[in-house]
Amino acid sequence: MSDAPSTEPAARARSCLAIILAAGEGTRMRSALPKVLHKIAGRTMLAHVLCTVGEAGAGRVAVVVGPDRQDVAAAATAACPEAAVFQQTERLGTAHAVLAARRAIEAGADDLVVAFADTPLVTAATFARLRAPLAAGAAISVLGFAAADPTGYGRLVLDGERLLAIREERDASEAERAIGLCNAGLMAVRGDIAIALLDAVGNQNSKGEYYLTDAVAIAGGRGERVAVVLAPEAEVAGVNDRVQLAAAEAALQARLRLQVMAEGVTLIAPETVFLAADTRLGRDVVVEPNVCFGPGVRVGTGATIRSFSHLEGAEVGEGATVGPFARLRPGAVLGDGVHIGNFVEVKNSRLAAGVKANHLAYLGDSDVGAGTNVGAGTITCNYDGANKHRTTIGAGAFIGTNTSLVAPVTIGDGAYIGSGSVITADVPSRALAIGRGRQVVKTDWTPPRKG
Ligand code: UD1
Ligand code: CA
């Protein structure tokens with residue numbers, strides 16, 4: 001091997017600042033919740049966009065929120081703690097919104113990417129493709145798409161290959177309105193000229209707004225090159241109302257299902273399985289029809305999630321079986337080979353390897369040791385009306401059917417609880433505990449007569 005220094009320096013990764021516009025009012029959602037905080041696949045639209053730009057290499061992120069939108073600002077920093085939040089005090093257009101983050105732009109980045117928080121389906125790969133022309137010297141790169149119905153979108157006005165301008169529908173001529181190639185709204189701008197271009201944008205148009213799209217004609221007028229990158233329409237669909245929210249959900253679910261199947265998961269009826277954006281399913285996991293995954297679920301290799309189960313914030317060990325009709329709530333951690341059967345709810349509980357709770361049980365705030373059998377009808381009475389208490393059960397124990405475990409309570413390893421017990425005191429290891437009254441039998445008994 002030669003130690004000679006390379007003559008060509010390795011291509012330096014270009015730094016990237018993403019600015020996410022989230023100052024919209026979203027009136028068409030008819031909601032008390034700001035539009036960008038509505039969720040698809042269990043994650044807010046804003047968080048989706050924050051995650052995607054991060055994956056696409058944005059080292060710095062700025063989010064532009066409307067006046068007094070502490071809720072949106074808090075959601076932004078919750079999803080991306082490094083995000084800088086800027087307020088757009090007046091809604092004066094997309095260019096004005098970008099300039100609300102002027103300080104972030106002035107701090108300097110090779111690439112500036114503008115994304116909309118209400119356009120959540122754009123992939124990281126598309127953001128990366130959008131940035132690529134900047135590395136080759138373009139001043140601006142515009143994301144375009146062939147619209148099935150261009151109504152309402154800005155049109156890409158081309159001269160051959162060259163993008164001359166983006167014309168907003170309201171300002172377009174008859175001929176321009178006939179153009180089917182539209183602006184998706186997202187744009188990448190070379191960082192060194194971004195401020196100069198944005199500052200040159202005026203508001204002489206039918207809306208009296210500062211249009212980001214005007215930066216295209218301004219750049220062209222300065223002899224700069226503007227590139228167009230095309231994306232499928234489905235990816236650039238925006239969400240303005242509940243119908244579009246449902247459409248975005250459906251599109252994202254379809255994408256997530258394909259992704260897990262590609263990773264080696266069997267979905268028997270994919271269209272009936274609902275995934276969260278962060279659902280992690282191991283290889284050879286089988287998901288039966290009609291299963292719903294809320295956020296924060298990890299399932300280990302070879303586990304089976306049977307029909308009509310609902311999982312959220314839960315971890316399922318390798319080879320475990322969950323359902324049918326099971327509910328795993330946040331903090332449910334199932335070890336390898338655990339069996340959770342029908343009508344069993346598990347919350348904030350750790351079940352070690354091989355635990356079986358096959359029928360009709362509630363395990364809340366509990367720790368259950370390896371191999372323990374939890375009988376049908378077992379309830380951890382974890383709540384006394386004011387506080388929650390833990391139930392600890394050792395390994396290899398047997399909890400008879402219809403047992404109430406009144407927490408706080410500890411059951412030792414190998415203990416055996418008789419069915420129908422109400423257990424209010426600790427049970428030592430390997431002890432038998434029967435917590436119920438003795439059976440009373442009266443022979444030759446005549447029931448009381450009516451009247
Ligand atoms: C914008 C584009 C249009 C494109 C379309 C794609 C402009 C001028 N037009 O139009 O070419 O076809 O998107 O969907 O950019 N926003 C702010 N502050 C503002 C104005 C907007 O934060 O002052 C945010 C909105 O919340 C939204 C995004 O910017 O997320 C786009 O704004 P919107 O008014 O919806 O632009 P369109 O008219 O749809
Ligand atoms: Ca819009």
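Which helix and which strand each supply at least two residues of the shell around ligand 1? They are α3 (94–99) and β10 (181–190). The views below come from a predicted model.

**View 1. The shell around ligand 1.** Ligand 1 is surrounded by 18 residues. Gln 88, Gly 93, Thr 94, Glu 168 and Asn 183 are the closest. Sorted by class, the shell holds eight nonpolar, seven polar and three charged residues. Helix α3 (94–99) and strand β10 (181–190) each contribute at least two of the shell residues.

**View 2. Polar contacts of ligand 1.** Gln 88 places a polar side-chain atom 2.7 Å from a nitrogen atom of the ligand. Gly 24 uses its backbone: a polar atom there is 2.9 Å from a ligand oxygen. In Asp 118, an N or O atom of the side chain is 3.4 Å from an oxygen atom of ligand 1. Taken alone, ligand 1 exposes 740 Å², and the protein buries 86% of that.

**View 3. The pocket.** Ligand 1 takes up the space of the largest pocket.

**View 4. The open parallel sheet.** Eight strands line up in the order β14-β17-β20-β23-β25-β27-β30-β33, with parallel pairing. At the edges stand β14 (280–281) and β33 (409–411). Each has a single partner strand, so one side of each lacks a neighbour in the sheet.

**View 5. Pairing of β20 with β23.** Strand β20 (residues 315–316) runs parallel to strand β23 (residues 332–334). Two bridges join them. Val 316 stands opposite Leu 334 of β23.

Definitions and conventions. Residues numbered from 1 in each chain as written. Chains lettered and ligands numbered in written order. Predicted model: local features only at pLDDT ≥ 70, side-chain atom pairs only at ≥ 80, totals over all residues. Heavy atoms only, no water. Near = heavy atom within 4 Å. Polar contact = N/O pair within 3.5 Å; in protein donor to acceptor, adjacent residues only side chain to side chain. Areas by Shrake-Rupley, 256 points an atom, 1.4 Å probe, with all protein chains shown as cover. 1 Å grid on protein atoms, 1.4 Å probe; cavity = no way out; pocket = protein on both sides within 12 Å on 5 of 7 lines; lining within 4 Å. Sits in = over half its atoms within 2 Å of the grid points. Helix = DSSP H or I, 4+ residues; strand = E, 2+ residues; numbered from the N terminus. Nonpolar A, V, L, I, M, F, W, Y, C, P; charged D, E, K, R; others polar. Pairing = 2+ DSSP bridges.
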